[in-house]
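I opened this notebook page to record what I looked up, step by step. The entries follow the order in which I checked things.

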Amino acid sequence: TQLLISGWWGIARHVNYFGDWVMAWSWCLPCGFDHIIPYFYAIYFAGLLIHREMRDEHACKIKYGKDWDKYCKKVPYHIVPFIY
């Protein structure tokens, strides 16, 4: 398999996780800011996605070896472009 270095995957290695997290927030925000309970999902999901990203990074390092290192240098951000 080949590594994608163009489009969204040329900006962040797991940028699709950021889209998933934004969708989670979109389901929480209509509830307003009176309680934290509606935001539990987005907070939990953030932890889940970060843990998943760490597992994916490890698996890709094993699968692609030196090519993964080169990819990481070209695409330094993990999930959120220009931040993480």
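How are H1 and H2 oriented to each other, roughly parallel or roughly antiparallel? I kept in mind that this is a predicted model, and I looked up the packing of helix H1 (residues 15–28) against helix H2 (residues 40–64), for which the angle is about 170° and the axes are 9 Å apart. Since angles over 145 degrees count as roughly antiparallel, I noted that H1 and H2 are therefore roughly antiparallel to each other.

I then went through the residues that make this contact: H1 contributes Tyr 17, Asp 20, Trp 21, Ala 24, Trp 25, Trp 27 and Cys 28, while H2 contributes Tyr 41, Ala 42, Phe 45, Ala 46, Leu 49, Arg 52, Glu 53 and Asp 56. Sorted by class, the contact of H1 with H2 holds 11 nonpolar and four charged residues, with no polar ones.

Next I checked the length of H1, where 14 residues at 1.5 Å a residue should span 20 Å, and I found its end C-alpha atoms 21 Å apart, which agrees.

Which residues of H1 are buried? I listed Val 15, Tyr 17, Ala 24 and Cys 28, and because they cover an arc of only 155° around the axis, they lie on the same side of H1. The buried residues of H1 pack against H2.

Last, I turned to Phe 82, which is placed in the segment after helix H3 (66–74). Phi of Phe 82 is near 70°, a positive value in a residue other than glycine, whereas most residues other than glycine have a negative phi. I also noted that Phe 82 is exposed, because its relative accessible area is 66% and the cut-off for exposed is over 50%.

Definitions and conventions: Residues are numbered from 1 along each chain as its sequence is written. This is a predicted model: local features need pLDDT of at least 70, side-chain atom pairs count only at pLDDT 80 or more; totals for chains, interfaces and linings use all residues. Side-chain values use heavy atoms; hydrogens and water are left out. Axes are lines fitted to C-alpha atoms, for helices over the stretch in contact, and angles run from 0 to 180 degrees between N-to-C directions. Helices (H or I, at least four residues) and strands (E, at least two) are DSSP runs, numbered from the N terminus. Angles under 35 degrees count as roughly parallel, over 145 as roughly antiparallel, 65 to 115 as roughly perpendicular and the rest as oblique. Contact means heavy atoms within 4.5 Å. Ala, Val, Leu, Ile, Met, Phe, Trp, Tyr, Cys and Pro count as nonpolar, Asp, Glu, Lys and Arg as charged, and the others, Gly among them, as polar. Buried means under 20% relative accessible area, exposed over 50%, partly exposed in between (1.4 Å probe, protein chains only). The expected span of a helix is 1.5 Å times one less than its number of residues. The arc is that of the directions from the helix axis to the C-beta atoms.
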